[in-house]
Amino acid sequence: MAAGAQARATSPVLDAMRTELTRSLTTFKGQPTAPYFLSYEISEAHTVNVAGSFGAITQSAEHRHRALDVDLRVGDYRFDNTHPLRGGLPGRAFMGFGEGMAEIPVDDDPGAIRAALWYATDRKYKRAVEQLTWVKTNAAVGVAAEDTAPDFSAEQRETFTEPVARIGADRRVWEEKIRRYTAPFARYGDIYEAEAVFIAEVDSRWYVNSEGTEVQTSQPIYRLYVSAFSKADDGMELPRYESFWAFTPEGLPSDRAVLAAVQKMIDDLHALRRAPALEPYTGPAILSGRASAVFFHEVFGHRVEGHRQKLGIEGQTFKKKVNEQVLPPGFSVYFDPTLRRLAGTDLAGFYRYDDEGVKARRVAVVDHGTLKTFLMARSPIEGFASSNGHGRAQLGLPPVARQSNLVVETAEPHSQAELKRMLIDEIKRENKPYGLLFDDIEGGFTITMRFIPNAFNVMPVMVYRVYPDGREELVRGVDFIGTPLTTFSKIVAADDHVAVFNGMCGAESGWVPVSAVSPALLVSQVEVQKKLKSGERPPILPPPFGAAATP
Amino acid sequence: MRRGLALAAVALCIAAVTAGAQKQTAQDPLDRAMRDELARSMTELRLDTLPKPYFVAYRIDDIETIEATASLGSLLSGSDARTRHLRVELRVGDYDFDNSNFMGMGGGPAFSMLAGLRGGALLPLDDQYQEIRRQLWLASDGAYKRAVEQLAQKRAALQNQTRAEHLPDFAKEPPAVLTDVVPAPPLDRAAAEALVRGLSAAFRAFPEVYSSGVSWSAGVVRTRYLNSEGSAFTRSSPWLVLRIHAATQAVDGMPLGDVVTLYGGAPTDLPGRDHLADSVRALATRLTRLRQTPVAEVYNGPVLFEGDAAAELFNQVFAPRLVAARRPMAANPMMEQFAARAETPFLDQIGGRVLPTFLSAVDNPTLTTFEGRYIGGYRVDDDGVAARETRLVDHGILKTLLSTRVPARGIPHSSGNRWGAAAVVSNLVVSADSGVTDQALRAELLKRAAARGRPYAVIVRRIANAASLAMSDPMEFMAAMGDDESDAPALRAAVAVKLFPDGHEEPIRNAAVSGVTAASFKDIVAASRSRTVYTSPFRSPGGMFAGLTGGGGMSFQMASAGLGYAASYVVPSLLFEDVTVKGPNGDLPKPPLSGPPWAGSSPR
């Protein structure tokens, strides 16, 4: 869809924003330091939320609220008030006190919306003028910056308006579903928490800036989470999670499919209770598609976020590696926010415009093993002058470069059976008693800052020992850890079975929905450490009701 | 938010019975689940050779709320919610020495997903016996494990310390079965949203008020309580709160803000819609005028605190001292210092004079109205102890303090004032033997100012409550967080005037009152015959410590539901001899560069 191709529908919110933006610029024009850029983003979250536990409802609510983020810049594109301070602290995040943030009326009332914009803009302007003085002095007394790129990129004007979506879910219907989904857990006295949460959300955004961009987008999202946990007799906590994600209510799985997943969770929890605890281990492993997806999101994705290449406190693993090989030659990685669906699943990282009014686009970050570019918001870095539509933020927060839909591709896919055979060959070659298969994972985290060793931790839930004879044995109690560059160099091969992990990713601009897609990977060497374990024993008394025996 | 906002007119019964809570409501699945799991916990819950619990209490709060906030006629947010919370209080040891009143080293498993360790749980809203029992079982299990660990730590700590005073950990009170149920207010979200939209639209006529809003909160907490001594209660606590807030900057840039908060238990307790609209306009008019008013200059001399200002002065300075908070035993010297802050200095002043001899004060939770005006109250406190009047100050002499079942020095028993984790002031009624007319009080003020050579005297009419301001402005919240609990907090006078000998008044702005401590209350020189009825957020000094050191139960659910606590006051106007009133120091922000965009626009 070409920018501006759509007929512009009337939008009272955009109209109010544009009017106040114009008025503000006129006001500030008379000041000694006038802004060179001003933008408003109003975001609305309209959510229906139903939670239940063991067949009963614990919460059921509907909320709607709007928040504002004002970006006002004085100086010029090269050097403005957001210029990073010496020592690498970003000026924008560390020097403000929430100016430019405000609660916005949910009624489309131009007067009330403009009143909130007016007061927030005035406060933001005064802070920006003060900031510019600080950063100018700081730059004058400091050493030369590591990254000499301008502070802000000029971008193309965009106009796009889509109608505000409605929530297509009935709370009463979902209360009944949540009761049904969580009821099977209630038969067991050794499952201590079992919760299902349904969230229907319409995320609407209105954006205007002084470059003429006006964008209104509105995206419904339907999510279902199921979580449960048990404890092993040694006190180890054993969680299981399932999540489903779709852009339409029909996109969520049928009751039958959810109940099958619930039964699988129950079976897995009981199997985990009986499973042996794994000791720390180094050796070859297969990461399932979902595990690989999380691994790539944590280990690779966060390290190619553009603004991290700019700040002196960041590790900048990849900054000087453009056009160098960072992955085995058969592997490519791209981010594509315009991709709505892949491998039969809706992709959470889909959007049309980012939170800086820049049109979403596909970005090929690694091409056949070679690093090509970074994920860019409007904060340029050396060699990369423009945004590629990845400036994202949680409602009301200032955006930074964030991931969208990460897709890992391999030029030479193997069948699942072949990949397992390759694992066994590797086990034998290294003379190991067994290898590992990471099947399902709950999530992970990574550290990209310089002041803490750069590492990652992926938290697997279902891990199997694979013996040289092909036998698989469920084990419990380990996390997959490592340092990024070493681990990438150990990737050997991938299978032909692509899996999707949809989730919420948290960073300095808040929580944003993302997706990661990957085939299963064979890694010649992984390291696992023992999971942090609770010392608390299981409950002293038996359950107060006739619980089903552990199968 | 204050709860137990009971109206006398409605069905309200109270029955002190010594036992037999069990028989009353055997049909209700929640009551049945509480009773059955409590019996099992008392008889079977024990780990190896460790002691069984000697006291278990379950409390279930069913909280229903609606909230709506609007600005300039437009809705900012609206919500309705219902949640049900469980809190378990479990004690091991005995009444004399148990696991409570102790600040340990944290302890317990390093991390745990079991809900019980958090001292409670979110319960199903569905009345399912089995699910309620499951949560009671897991929460009791966690509370027990934590209690035995605390007791062991406390015994270990005692081996290295000699206790200066020996106080039992938990007071015995006669078991009682009580009912305190009143009708819930109507919880109509659409009506609430319409009300706040309508009221907030009035600010559109005041372009010099830069930010403003009206918010409405209504709800009811239905509590069921059962303990192993045979006490039980059922209580409903409805509330209605309307807040009108406005902020602007004076012509010199100095921030100005004020909040008017109205409390009630039923819609009839609040003024009618027209009166509310008048209140909005009055606040906006006052702020608009204040923008042009000269800033306060330094004044030292007699100050008259009239009406609401006298009540807020009690609320912030004197009333927190009336709560018996005990210093917990600490596991190490570093915590010892922290623990020492828990004690109120008034514990050592019982029998001493704390007010002038012409003033007396009682706390009476069972009052619901005073001279026809709503003040709220409750019949049974959170320990299941029947509420009653407590004579705190008799002709200037401090007689006792307000307490829970946690004994403090000289306070062996509960006064029936536990609300949440700690004791609170409920309805503080101050009476004067020799009250004078308002006219005579002003004359006395002028006389004393003249004697001090002052060309004018100062009257303070309203003092801002920081907690109340913080709800509408994050900057105020930061300021409130920074407020220390020193003897003389800086009090912001929202409304203050200069009174000249010829009787005319001139308003002053941004006045801060300083130098008023709890000790200065005994030097009050005169009080009025007339009294003000006033409700305001109250911060119990013992709250944090009681939460940390209580018998295995914390009361975070109230905070999570957004409910603060407010106390009520019936207080005469008070004349102080020597008070400092001054303007603020520091730099001023500039006023906005342009006028508000809605100036001249009419509300939808």
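1. Chain B is built from 12 helices and 24 strands. Please keep in mind while reading that this is a predicted model. Of the 604 residues in chain B, 54% are buried. Among the contacts in chain B with a separation of 6 or more, 82% join residues 24 or more positions apart.

2. Where do the two chains meet? On one side are 47 residues of chain B, in contact with 44 residues of chain A. Three elements of chain B give two or more residues each to its side of this meeting: α2 (29–44), β2 (74–92) and α3 (129–158). The largest share comes from α3(B), with eight residues. By kind, the residues on the chain B side divide into 24 nonpolar, 12 polar and 11 charged.

3. The largest nonpolar core holds 301 residues, and the members touching the most others are Met17(A), Val323(B), Val460(B) and Ala496(B). Which helix gives the most to this core? That is α3 of chain A (residues 110–141), with 11 residues.

4. Setting aside neighbours within four places in sequence, Ala496(B) is in contact with Val458(B), Ile459(B), Val460(B), Arg461(B), Ile508(B), Ala511(B) and Val581(B). One of these partners, Val460(B), is also listed with Ala496(B) among the core members that touch the most others.

5. Helix α8 of chain B (residues 438–451) is worth a careful look.

6. Which residues of α8(B) are buried? They are Leu441(B), Arg442(B), Leu445(B), Leu446(B), Arg448(B) and Ala449(B). Viewed down the helix axis, these buried residues fall within an arc of 165°, so they line one face of α8(B). The face turned away from the buried side carries Gln439(B) and Ala451(B), both exposed.

7. What does the buried side of α8(B) pack against? Its buried residues meet strands of chain B, namely β9 (299–305), β19 (457–463), β20 (491–499), β23 (526–537) and β24 (566–582).

8. Helix α4 of chain B (residues 189–201) can be checked in the same way. Its 13 residues, at 1.5 Å a residue, should span 18 Å, and the end C-alpha atoms are 18 Å apart, so expectation and model agree. The buried residues in α4(B) are Ala192(B), Glu193(B), Val196(B), Arg197(B), Leu199(B), Ser200(B) and Ala201(B). What covers them includes β1 (53–71), β2, β6 (211–227) and α5 (273–290) of chain B.

9. Turning to chain A, the division is into domain 1 (12–45 + 65–161), domain 2 (171–274) and domain 3 (281–530). The centres of domain 2 and domain 3 of chain A, taken over C-alpha atoms, are separated by 23 Å.

10. How many residues of domain 2 of chain A are in contact with domain 3 of chain A? There are 22, and they meet 15 residues of domain 3. On the domain 2 side, the elements giving two or more residues are β5 (191–209), β6 (214–231), β7 (237–246) and α5 (255–274) of chain A. β7(A) gives the most, with seven residues. The residues on this side of domain 2 divide into 13 nonpolar, six polar and three charged.

Notes. Residues are numbered from 1 along each chain as its sequence is written. Chains are lettered from A and ligands numbered from 1 in the order in which they are written. This is a predicted model: local features need pLDDT of at least 70, side-chain atom pairs count only at pLDDT 80 or more; totals for chains, interfaces and linings use all residues. Two residues are in contact if their C-beta atoms, placed from the backbone, lie within 7 Å. Helices (H or I, at least four residues) and strands (E, at least two) are DSSP runs, numbered from the N terminus. Ala, Val, Leu, Ile, Met, Phe, Trp, Tyr, Cys and Pro count as nonpolar, Asp, Glu, Lys and Arg as charged, and the others, Gly among them, as polar. A nonpolar core is a set of buried Ala, Val, Leu, Ile, Met, Phe, Trp, Tyr and Cys residues joined through C-beta atoms within 7 Å. A residue is buried if 20 or more other C-beta atoms lie within 10 Å of its own, exposed if 12 or fewer, and partly exposed in between; C-beta atoms are placed from the backbone. The arc is that of the directions from the helix axis to the C-beta atoms. Domain bounds come from an automatic or database domain assignment. The expected span of a helix is 1.5 Å times one less than its number of residues.
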